[in-house]
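Welcome, and please open the model in your viewer. We will go from one selection to the next, with a short note on what to look for at each stop.

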Amino acid sequence: MTNPLFDTLVAPLAARKTAFLTDAAGTEMSGAAFHALALRYAAALTGLGLRPGDRMAVQIDKTPQALALYAAALASGVVFLPLNTAYTADEVAYFVGNAGAALLVGSPARAEALGGVAARYGAQFHTMDDAGQGSLTDIAGSGPEGFSPVPRGPDDLAAILYTSGTTGRSKGAMLSQQNLLSNARVLATEWHFTPDDVLLHALPIFHTHGLFVACNVVMLSGGSMIFLPGFKADQVISLLPKATTMMGVPTFYIRLLDDARFDRSLVAHMRLFTSGSAPLLADTHIQFEQRTGHRILERYGMTETNMNTSNPYEGARRAGTVGLPLPGVELKITDPVTGTTLPQGEPGMIEVRGANVFKGYWQMPEKTREELRDDGFFITGDIGQIDADGYVSIVGRQKDLIITGGYNVYPKEIELLLDDQPGVLESAVIGVPHPDFGEAVVAVLVAAKGATIDTTAIAAALGQSLARFKQPKQILVLPDLPRNTMGKVQKNLLRQDYADLFTS
Ligand code: AMP
């Protein structure tokens, strides 16, 4: 095998006359057409002078052409660097500069600003719009047909994905061919993907979930995708009858449950719903099962590690847990300070090792040393615990840990209690500066539809079940919680907003 990822994921599409990607209107792109397009883009990239190992940053809308550009990067050995479409030109500048990108592909509507960014860092600039058209597609269309994929080894970089950077500067996680291929193989097997699968794909493709978990798994297993530009409940509901599987973030499922049309009969034929990227409330899991008869399969992973754990396909899918370590993934819980393994059941730092774990942060050897141990274990920054049956639960991010009056408080413990209070839809518990305690516990609540929240009653209820130091010093009610595109609650923003609550 000369180029393991391309040969395994993309090359087999050449023989497929049937649909690989279908859009919302039902327009199909066959496997063969996708494959041919990928090779045309690969020829275009090479024609532009890009060599294996060069970085291509792309900030483009989700289209079949955008996915073909990823396949083209695999074919040509160019390192794929997808960027969130919400980033401003200034933010894009950081990634282009940090990665030393040779090419930036961006929306023609922002050509002036992004072209300027590219020029500043000596990168070329080309465009691709929300219909997959633009200067790069023009070059590919007028260039040669066919391209011989360049040889790549298992340790060669396939992609650099920047972490979402909710704390501190975004870091470029270097992902090798082997990192991506091993994880795609494990997931396709564990989740029983076959050529008959049609995945309803509404996730962004600039993130590990939508790009690698979803697309790599489908390509590897020979299935197809209904490829939507984004998540719209109406569209998803109308297209679910044509799908067999869906991968989502918890907010997708919350929004679907909000719609009365989302019921048992609509999804009776579905084989699998998976969730990840943010915690799925046990309540959502239960409601989903009551409404549809399906148990969502929750899994846990991150940009740096691909997927680490998954609830089983067959066997108990436990609400509130992220399941068991995947085959080939070693997972341990350690003392965040000393790094020693903790006794089973105790909460601590989740560390993982396996072929799925990245090669380090791009040009940040110190950060890499801080988080990736010499023995290959990656310190995830997630606090978790393992139950007697081996199921892992995430208790929170270490960075969200609150230290109040010298005591450690894990927000999740309080959030679980708050979520069960009358009228509460969801909650976020944060630490904010406090003159006496260092940090004070603050709870932010969102009311369920049509409900009002009685914060005094809730404070009294927490008083019954929590030690005094864990009880929120203040309970606030907001219309909703700030979330990023993957549905993660942005506690850093809440901490900023309420930084002066006790100090001004
Ligand atoms: P990202 O690198 O953007 O994919 O974010 C990874 C982080 O998302 C992890 O370190 C976890 O904190 C969180 N995460 C991913 N999946 C889950 C899950 N199923 N439950 C709770 N948190 C999750």
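Which residue in S24 does Ala443 stand opposite? Select Ala443 and you will find Ile475 of S24 across from it.

Before moving on, a word on what you are looking at. This is a predicted model, in which local features need pLDDT of at least 70 and side-chain atom pairs count only at pLDDT 80 or more, while totals for chains, interfaces and linings use all residues. Residues are numbered from 1 along each chain as its sequence is written, and side-chain values use heavy atoms, with hydrogens and water left out.

**Stop 1**

Now select strand S23 (residues 438–447) together with S24: they pair in the parallel sense over four bridges. Strands are DSSP runs of E with at least two residues, helices are runs of H or I with at least four, and both are numbered from the N terminus; two strands pair if DSSP finds at least two bridges between them.

**Stop 1: a hairpin**

Select strand S18 (residues 378–386) and S19, an antiparallel pair with five bridges. Gly384 stands opposite Ile394 in S19. The two strands form a hairpin with five residues between them, and Gly390 in the turn has a positive phi of about 90 degrees.

**Stop 2: the nine-stranded sheet**

Zoom out to an open sheet of nine strands, ordered S2-S1-S10-S9-S11-S12-S13-S14-S15 with mixed pairing. Its edge strands are S2 (28–30) and S15 (324–325), each pairing on one side only. Within it, pick S13 and strand S14 (residues 306–310), which are antiparallel over four bridges; Gly301 stands opposite Met307 in S14.

**Stop 3: the ligand**

Finally, centre on the ligand, which 17 residues surround, the closest being Glu298, Arg299, Thr303, Asp382 and Lys488. To be near, a residue needs a heavy atom within 4 Å. Where are the polar contacts (pairs of N or O atoms within 3.5 Å)? A polar side-chain atom of Glu298 is 2.9 Å from a ligand nitrogen, and a polar backbone atom of Arg299 is 2.8 Å from a nitrogen atom of the ligand. An N or O atom in the side chain of Lys488 lies 2.8 Å from a ligand oxygen.

Strand S13 (297–302) and strand S19 (392–397) each give two or more residues to the shell, and S13 supplies the largest share, with five residues.

How values were computed
Polar contact = N/O pair within 3.5 Å; in protein donor to acceptor, adjacent residues only side chain to side chain.
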